[in-house]
Amino acid sequence: DVTTASIKDLHDLAAAHKIHVAAEINDIDTWLNLLLTHCIEPELGKHRPCFIYNFPASQAALAKLNDDNTAARFEVYYCGMELANGFHELTDANEQRKRFENNNHQRAAQQLNSMPIDELFLAALAHGMPECSGVALGIDRLIMLALQQKTIRDVMSFDLGRV
């Protein structure tokens, strides 16, 4: 359960799946992302599209929260690949500022550089951004599936690795 798992629980789960990390990870979201990408994603949507929704609130910095404190966010998977990602936009400028500041506090605790706070974005929210949502669909990934290619590099027009 992603809402109650401890760092030790997630570490033990990773070890059970033979995932060994050289660094010490003291962040639940890092463990959740590691387990998602290495254990769960490859199994998603093998035969039909699969939706993951109601993400942990900490994994959707720009999304509104549902009544159960999960994020109004979803991802669509097919053949073990994320095809789309969408969410209900947070339109509360004060809440968004708190999230940006909290993110920078967490980055500082991990000895990472802080991110600049997007004051223009916050001003737009304060001015009255309407309720909205959006979905980002990976057209390149759809092309990979249609052409039965294993890597995105094989469908990119200008892959920098080929230069």
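Glu95 is partly exposed, with a relative accessible area of 28%. Its salt-bridge partner is Arg99, and the closest N and O atoms of the two lie 3.1 Å apart. Arg99 is buried, at 15% relative accessible area. Both residues sit in helix α3, which spans residues 93-109. They are four residues apart there, so about one helical turn separates them. These values come from a predicted model.

**Salt bridges**

Side chains of opposite charge can pair when their charged atoms come close. How many salt bridges does the structure hold? The count is six.

| Salt bridge | Closest N to O distance |
|---|---|
| Arg99 and Glu95 | 3.1 Å |
| Glu75 and Arg73 | 2.5 Å |

Lys64 counts as partly exposed, because its relative accessibility is 22%.

Now take Glu75 and Arg73, which also form a salt bridge. Are these two residues buried or exposed? Glu75 has 4% relative accessibility, so Glu75 counts as buried. Arg73 is buried too, with a relative accessible area of 14%.

**The overall fold**

The protein has five helices and four strands. Along the sequence they follow the pattern α-α-β-β-β-α-α-β-α. The C-alpha atoms fill a box of roughly 45 × 40 × 40 Å, taken along the principal axes. Of the 163 residues in the protein, 27% are buried.

Contacts tell another part of the story.

**Two helix pairs**

Start with helix α1 (residues 7-16) and helix α2 (residues 28-40). Their axes are 10 Å apart, and the two pack at an angle of about 25°. Angles under 35 degrees count as roughly parallel. That is why α1 is described as roughly parallel to α2. The crossing of α1 past α2 is left-handed.

Which residues meet in this pair? From α1 come Ile7, Leu10, His11, Leu13 and Ala14. From α2 come Ile28, Trp31, Leu32 and Leu35. By class, this contact of α1 with α2 has eight nonpolar residues, one polar residue and no charged ones.

Next come α3 and α4, which pack at an angle of about 155° with their axes 8 Å apart. Angles over 145 degrees count as roughly antiparallel. So α3 is roughly antiparallel to α4. On the α3 side, the contact is made by Ala93, Gln96, Arg97 and Phe100. On the α4 side, Glu119, Phe121, Leu122, Leu125 and Ala126 take part. The contact of α3 with α4 divides into six nonpolar, one polar and two charged residues.

**Positive phi angles**

Most residues other than glycine have a negative phi, and most peptide bonds are trans. Asn54 is not a glycine, yet its phi is positive, at about 60°. Where is Asn54 found? Asn54 belongs to strand β1. Asn54 is partly exposed, with a relative accessible area of 33%.

Gln111 has a positive phi near 60° and is likewise a residue other than glycine. Gln111 is in the loop between α3 and α4. At 75% relative accessibility, Gln111 counts as exposed.

**Two more positions**

Gly138 sits in the loop between β4 and α5 (139-147). Gly138 is buried, at 14% relative accessible area. Asn85 is 53 residues away from Gly138 along the chain, and their C-alpha atoms are separated by 8.8 Å.

Cys39 is part of helix α2. Which residues does Cys39 contact, leaving aside its neighbours within four places in sequence? They are His17 and Ile19. Asp67 is 28 residues from Cys39 along the chain, and 29 Å separates their C-alpha atoms.

Key. Residues are numbered from 1 along each chain as its sequence is written. This is a predicted model: local features need pLDDT of at least 70, side-chain atom pairs count only at pLDDT 80 or more; totals for chains, interfaces and linings use all residues. Side-chain values use heavy atoms; hydrogens and water are left out. A salt bridge is a side-chain nitrogen of Lys or Arg within 4 Å of a carboxyl oxygen of Asp or Glu. Buried means under 20% relative accessible area, exposed over 50%, partly exposed in between (1.4 Å probe, protein chains only). Axes are lines fitted to C-alpha atoms, for helices over the stretch in contact, and angles run from 0 to 180 degrees between N-to-C directions. Angles under 35 degrees count as roughly parallel, over 145 as roughly antiparallel, 65 to 115 as roughly perpendicular and the rest as oblique. A crossing is left-handed if the near helix is turned anticlockwise from the far one by less than a right angle, and right-handed if clockwise. Contact means heavy atoms within 4.5 Å. Ala, Val, Leu, Ile, Met, Phe, Trp, Tyr, Cys and Pro count as nonpolar, Asp, Glu, Lys and Arg as charged, and the others, Gly among them, as polar.
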